[in-house]
Amino acid sequence: MLDVVPPAALVLIAALLVAVLPRKVGHGVGALATAGALALSWLVPAGAHLQVELFGAFQAVLYNVDSFSRLMGLIFSFIGLVAVVYSYASDAERTQTAYALSYVGTSLAAVFAGDWLTLVFFWELMAVTSTLLVWHYGGRAVRAGFRYAVLHGIGGSLVLAALVWHYAEAGTFLFTGEGIVSGVPAVLAAVGIGVNVGFVGLHAWLPDTYPRPHIAASVFLCVYTTKTGVYAMYRAFPDGHMTIAYMGGAMAVFGATMALLQSDMRRLLSYHIQSQVGYMIAGVGLGTKLATAGAFAHVFNHILYKSLLFMTVGVVIYRTGEESLKKVGGLARDMPITAATFGVAALSIGGFPLFNGFVSKGMVVKAAHKEYVTLFGFDHVYVLWYLLLIGGVGTFLSFIKLGYHAFLHGSYDGKVLDANRGQSVGLISVAALCVLFGIRPPALYELLPYSDYAIENYRAYTAFHVGEVLVLVAIALVGFVILKGPLKKVGKVPDVDAIYNPIAFYGTRGLVVGVTELYAAVDRAAVRFVGFVTDVAADPESAVAATPLGDRVEDEYAHPLRAGFGTSILLVTLVATLVLLAVLLG
C-alpha cells in the first residue's frame with residue numbers, strides 16, 4: 001500500500017485543510033503531513049513506482065523512488081516539518097502556511113516524478129505556489145513576486161520547448177538515464193533550468209524576491225526552487241558537461257562576492273544560495289561518481305544550514321524589526337540560542353571541519369581538483385578548483401561580517417528576547433544535524449546516490465583537506481580585518497536587474513501604449529470614414545456640394561445635381577460596397 005502513496009499527496013491534502021482549519025489545528029495537521037511524507041520517503045522501497053498512460057499516447061511515471069528522489073524526499077519533508085513549526089512560532093497566518101505547504105507538495109511531486117512530462121507539470125505548479133506564497137505578504141513582495149513569476153515562466157517555457165524537441169527525437173518522456181538529447185534541446189534545458197538554479201545573469205530574481213515576504217516564508221523559499229533545479233539538472237545531464245561545471249564555479253564566486261557587499265541580512269543570505277548552489281551545479285557538471293555524490297550531499301547539507309541561517313536571521317528580524325546589519329549589533333548577549341545556532345550554520349556553510357558543509361563541499365572540491373584545462377598555453381591549470389576555493393574564501397568573509405555585526409560588535413538600542421520555544425525547537429534540531437553529519441560523515445554517505453563508492457573512495461578528514469580549509473579561513477580573517485571599514489561604507493549595490501528591469505518595464509509599457517494608440521487611431525479613422533460614406537449615401541447632393549468639385553459643378557451648370565435611374569443604382573451599390581468593406585476592416 002505504501003508503494004503507491006506519493007509523499008506529495010499527504011502534503012497537498014494538508015495544504016487544503018490548513019487553509020480552512022483554525023490556525024493552531026491547521027499547523028498541527030501540516031506538521032503531521034510533512035512528518036508522514038518523511039516516513040514514506042524513508043520506508044518505501046527503491047523501485048516503487050506508479051506508471052500510467054496519458055491521453056492514450058504517453059507513458060508517464062507519476063511517482064518513482066530511486067536513490068536520488070529518496071534523498072530529495074527525505075530532506076524536503078524534514079525541512080517542511082521544521083518550517084511549519086517555525087511558521088507557527090513566528091506568527092505566520094494559516095493562509096500563508098497553506099500556500100507554503102502547497103509549494104512543498106508540488107516540489108515533492110516534482111522530485112518523485114519518473115518522467116519529464118510529470119516533472120515539468122509540477123515544476124510549473126511549484127512556480128505558481130511559490131509566487132502565491134510571496135504575494136500573500138503584500139507590499140514590496142507583490143512586485144518582486146511578479147518579476148519572480150515572469151522569469152520562472154520564461155524558464156519553464158524553455159524547459160517545455162526542450163522536452164517537446166526531446167520527445168520528437170527520443171520518442172519518450174521517460175527518464176532513461178541518458179538525459180536530454182544533445183544539441184538545441186540540451187541548450188534550452190540548461191538555460192531553462194539555469195533560471196531556477198540561478199545561473200550568473202539569470203539569478204537576480206533570487207536576491208530580489210527572498211528578502212521580501214514574511215520571515216517564515218523565506219525559510220520555505222530558500223529550500224525548494226533552487227534545489228529542485230539541481231535535481232532537474234542532473235536528470236537532464238546525468239553524465240555532466242564541463243560548461244555547466246564552470247558555470248557552477250562562476251556562481252560560487254559571483255554569489256559570494258555580491259553577498260559580501262550586502263547589508264540587508266536576508267539579501268546577503270539569498271546571494272549565498274546562488275553561491276552554494278554553484279558547488280552543486282559544479283558537481284553535476286563534472287559528472288563523475290564522486291562529483292555527483294558530492295553535489296547531492298551538498299544539496300542535503302545546504303538545505304539544513306541554509307534554512308537554519310534564514311531561521312536565525314528571521315528571529316533577529318522578528319525580535320528587532322530590523323532587516324539591515326547597520327541597525328543591529330551585539331545581540332549575542334540577549335539572544336544566546338540564536339547566536340549559537342547561527343554560529344553552527346555559519347561554520348557549516350563555510351565548510352569548517354566538524355560541520356556538515358566540510359564533508360559535502362570537500363567532495364565537490366576534490367572532484368574538481370582532478371579536472372584541468374589548457375589556459376594561455378599551460379596545462380594542468382585547475383580553473384574550476386580555484387574558482388571553488390575563491391568562493392570558499394568569500395563565504396567565510398561574508399559570514400564573519402554577518403556574525404560580527406549582528407551578534408558581536410556594537411549594541412542594539414534596547415533589550416530583546418531570544419527565540420521563543422517553537423523557534424528554538426527548529427533552530428536546535430537543525431543545528432544538531434549540521435554537527436552530526438559533520439562529525440559522522442558515513443551517516444551522510446549512506447543516504448547518497450553512489451553511497452558505496454563514496455564510502456570506499458572518499459575520506460573527508462585528510463590533512464590536506466583540513467589544511468586547505470584552515471588556509472581559506474586565515475585568508476578570510478585577514479581579509480575581513482582589512483575590508484571591515486570599507487565594507488561599512490558600501491551602500492546598495494546594483495545587480496543585472498538594475499539594467500533589465502527598467503528595460504522590461506518601460507519597454508513593455510511603451511509597447512502597450514504604442515499598440516493601444518495605434519488601435520485607437522485606426523478606430524477613429526474607420527469611424528470617420530464610415531460616417532462620411534453614410535453621409536454621402538444619405539444626401540449625395542449636399543456631400544458633393546461641400547467639396548471643391550461641388551463648387552465647380554454649381555458654377556458651371558448653376559443647377560442642382562441630378563442623376564438618372566441607372567446612375568443612382570450605381571452610386572448606391574458603390575456606397576454599400578464601401579460600407580461593407582469598412583465594417584469588415586474595422
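Me: What makes strands E1 and E2 a pair, and in which direction do they run?
Reply: In this predicted model, six bridges join E1 (residues 49–54) to E2 (residues 58–64). At least two bridges are required for two strands to pair, so E1 and E2, with six, qualify as paired. The two strands run antiparallel. Leucine 54 stands opposite phenylalanine 58 in E2.

Me: What lies between E1 and E2 in the hairpin?
Reply: Three residues separate the two strands of the hairpin. In the turn, phenylalanine 55 has a positive phi of about 55°.

Me: How many aromatic pairs does a search of the whole structure find?
Reply: The search finds 21 aromatic pairs. One of them is formed by tyrosine 148 and tryptophan 205.

Me: Why is the pair of tyrosine 148 and tryptophan 205 called edge-to-face?
Reply: The ring centres are 5.5 Å apart, and the cut-off for a pair is 6.5 Å. The planes stand at 70° to one another; since an angle over 60 degrees counts as edge-to-face, the name applies to this pair.

Me: Which parts of the chain does the pair of tyrosine 148 and tryptophan 205 link?
Reply: Tyrosine 148 belongs to helix H6 (residues 140–170) and tryptophan 205 to helix H8 (residues 205–209). The two residues are 57 residues apart, and the pair links distant parts of the chain.

Me: How do you know whether tyrosine 148 and tryptophan 205 are buried or exposed?
Reply: Buried means under 20% relative accessible area. Tyrosine 148 has 1% and therefore counts as buried; tryptophan 205, with 1%, is buried as well.

Me: Which residues do ring pairs link into a cluster?
Reply: The cluster consists of Phe68, Tyr234, Phe296 and Tyr450.

Me: What makes lysine 361 a residue that lies over the face of tyrosine 279?
Reply: The distance from lysine 361 to the ring centre of tyrosine 279 is 4.8 Å, and the limit for a charge over a ring is 6 Å, together with an angle within 35 degrees of the ring normal. Lysine 361 is accordingly assigned to the face of that ring.

Me: What span is expected of helix H16, and what does the model show?
Reply: H16 (residues 421–439) has 19 residues and reaches 27 Å from its first C-alpha to its last. That is close to the 27 Å expected at 1.5 Å a residue.

Me: Which residue caps the N-terminal end of H16?
Reply: Asparagine 420 does, with a side-chain oxygen 3.3 Å from the backbone nitrogen of glycine 422. The limit for a polar contact is 3.5 Å.

Me: Which helices do the buried residues of H16 pack against?
Reply: The partners are H3 (67–89), H12 (289–320), H13 (336–350), H14 (356–369) and H17 (441–445). Among the buried residues of H16 are Leu427, Val430 and Phe437.

Me: Why is phenylalanine 300 called buried, and what is it in contact with?
Reply: Phenylalanine 300, which lies in H12, has a relative accessible area of 7% and is therefore buried, the cut-off being under 20%. Beyond its neighbours within four places in sequence, phenylalanine 300 is in contact with Leu71, Ile75, Phe437, Leu444 and Leu447. Its C-alpha atom is separated by 9.1 Å from that of leucine 448, 148 residues apart along the chain.

Me: Why does threonine 312 count as buried?
Reply: Its relative accessibility is 1%, and the cut-off is under 20%; threonine 312 therefore counts as buried. Threonine 312 is found in H12. Leaving aside neighbours within four places in sequence, its contacts are Thr338, Thr341, Phe342 and Leu427.

How values were computed:
Residues are numbered from 1 along each chain as its sequence is written. This is a predicted model: local features need pLDDT of at least 70, side-chain atom pairs count only at pLDDT 80 or more; totals for chains, interfaces and linings use all residues. Side-chain values use heavy atoms; hydrogens and water are left out. Helices (H or I, at least four residues) and strands (E, at least two) are DSSP runs, numbered from the N terminus. Rings of Phe, Tyr and Trp (its six-membered ring) pair if their centres lie within 6.5 Å; planes under 30 degrees apart count as stacked, over 60 as edge-to-face and the rest as tilted. Buried means under 20% relative accessible area, exposed over 50%, partly exposed in between (1.4 Å probe, protein chains only). The expected span of a helix is 1.5 Å times one less than its number of residues. Contact means heavy atoms within 4.5 Å. A polar contact is a pair of N or O atoms within 3.5 Å; within protein, one must be able to donate a hydrogen and the other to accept it, and residues adjacent in sequence count only if both atoms are side-chain atoms.
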